[in-house]
Amino acid sequence: MLNAIFWGIIQGLTEFLPISSSGHLVLVPALLGQEGPDLATSAMLHLGTLVAVVVYYRSEIAAMAKFDRPARRLITLIIIGSIPAAILGLTFEDQIEELVSDPVAVAFMLILTGIILLATTLLRVGDRTMTAIGPMDSFLIGLAQSLALIPGISRSGMTISAGMARGMEKTQAANFAFLLGIPVIAGAGLLSMYDVISSGETIPAEVWVGMVAAGLSGYAAIAILLKLLARVGLAPFGIYCVAFGIFSIIML
């Protein structure tokens with residue numbers, strides 16, 4: 001049970017903090033000399049983080065359910081932004097899977113994530129909100145999100161950075177990034193769950209505990225990031241990614 005809780009906390013924190021959940025789920029087991037979470041655990045942890053983001057943004061999701069003009073506009077932007085990840089994920093699925101087995105390559109990708117996050121300090125501070133962005137903005141942010149299919153590249157880090165590059169205010173960029181991430185997180189979790197069911201695997205009781213841990217830590221991570229963004233931006237997370245990436249390369 002403690003193992004499931006450990007992986008749940010790792011998944012929840014790193015899914016939303018811009019430090020790459022996929023990178024940590026490869027590097028942490030490699031550094032500890034143990035196996036990472038199995039397919040069933042991974043599926044449930046993804047669903048736990050999905051619950052976290054849905055609960056946190058329940059007001060925004062409820063507003064979208066009204067399907068009025070602003071809601072349709074936001075839904076359209078999310079659909080447009082989700083297209084790149086869907087296409088590239090299906091096209092390069094095998095190549096992406098190969099990278100998971102190469103922790104050193106993942107560590108280099110984590111360093112790249114850190115460099116991109118540090119580069120956001122060079123951007124002009126924007127003030128655009130979610131209501132001010134258009135289809136091209138959404139597509140480009142979605143294109144940045146698709147880079148996170150590569151293990152070690154942070155999804156939230158790429159989407160928030162891209163939003164800031166398009167002139168969005170930092171917390172607004174994060175809010176859009178998390179809403180844009182809902183289809184991706186849901187897709188990853190449901191596909192993993194389908195694989196679990198197809199393979200005939202059972203889901204042990206302790207995995208449900210891990211799912212709860214992922215949900216709670218994910219909810220906390222969203223709240224923490226939104227507060228820190230306004231104060232310090234993405235640079236501290238960039239420093240962490242570079243440092244942890246270099247440490248992992250040295251140790252591995």
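A: With a relative accessibility of 48%, Phe67 counts as partly exposed; here buried means under 20% relative accessible area, exposed means over 50%, and partly exposed is anything in between, using a 1.4 Å probe and protein chains only. This is a predicted model, in which local features need pLDDT of at least 70 and side-chain atom pairs count only at pLDDT 80 or more, while totals for chains, interfaces and linings use all residues. Residues are numbered from 1 along each chain as its sequence is written, and side-chain values use heavy atoms, with hydrogens and water left out.

Phe67 belongs to the loop between α4 (58–65) and α5 (69–91). Helices are DSSP runs of H or I with at least four residues, numbered from the N terminus. The backbone of Phe67 has a phi near 55°, a positive value in a residue other than glycine. Most residues other than glycine have a negative phi. Ser20 also has a positive phi, of about 75°, although it is not a glycine. Ser20 sits in the loop between α1 (2–16) and α2 (21–32). Is Ser20 buried or exposed? Ser20 is buried, with a relative accessible area of 1%.

Helix α3 (residues 39–56) has 18 residues and runs 26 Å from its first C-alpha to its last, close to the 26 Å expected at 1.5 Å a residue; the expected span is 1.5 Å times one less than the number of residues. Because 13 of the 18 residues of α3 are buried, this helix is largely enclosed by the rest of the structure.

The largest nonpolar core holds 62 residues, and those with the most contacts inside it are Phe16, Val53, Ile160, Phe176, Phe178 and Leu179. Such a core is a set of buried Ala, Val, Leu, Ile, Met, Phe, Trp, Tyr and Cys residues joined through side-chain atoms within 4.5 Å. Helix α10 (residues 170–199) gives the most to this core, with 12 residues. Val53 touches Phe16, Phe178, Ile182 and Ile222, leaving out residues up to four places away in sequence; contact means heavy atoms within 4.5 Å.

Phe16 and Phe178 turn up again among the rings, where ring pairs link Phe16, Tyr56, Tyr57, Phe178 and Tyr219 into a cluster. Rings of Phe, Tyr and Trp (its six-membered ring) pair if their centres lie within 6.5 Å, with planes under 30 degrees apart called stacked, over 60 edge-to-face and the rest tilted. The structure holds 6 aromatic pairs. One of them joins Tyr240 and Phe244, which are stacked at 5.8 Å centre to centre with 15° between the planes. Both residues lie in helix α12, 4 residues apart, about one turn of the helix. Tyr240 is partly exposed at 34% relative accessible area, whereas Phe244 is buried at 13%.

How many salt bridges does a search of the whole structure find? There are 3, each being a side-chain nitrogen of Lys or Arg within 4 Å of a carboxyl oxygen of Asp or Glu. One joins the side chains of Glu15 and Arg155, at 3.7 Å from N to O. Glu15 lies in helix α1 and Arg155 in helix α9 (residues 155–165), so this pair ties together parts that are 140 residues apart in sequence. Glu15 is buried at 7%, and Arg155 is buried at 8%.

Arg155 also has a neighbour in Gln145, which contacts Gly81, Ala85, Arg155, Thr159, Leu180, Gly181 and Val184, setting aside residues within four places in sequence. Gln145 lies in helix α8 (residues 135–146) and is buried, with a relative accessible area of 2%.

Arg128, Asp137 and Arg166 are linked in a network of salt bridges. Arg128 meets Asp137 at 2.9 Å, N to O, and Asp137 meets Arg166 at 2.7 Å, N to O. Asp137 lies in helix α8 and Arg166 in the loop between α9 and α10, so that pair ties together parts 29 residues apart in sequence. Asp137 is buried at 6%, while Arg128 is partly exposed at 24% and Arg166 is partly exposed at 32%.

Finally, a word on confidence. The protein chain averages a pLDDT of 93, and 100% of the residues score at least 70; pLDDT is the predictor's confidence in each residue, from 0 to 100. Confidence is lowest in helix α6 (residues 93–100), at a mean of 78, and highest in helix α12 (residues 235–251), at 98.

Conventions
Helix = DSSP H or I, 4+ residues; strand = E, 2+ residues; numbered from the N terminus.
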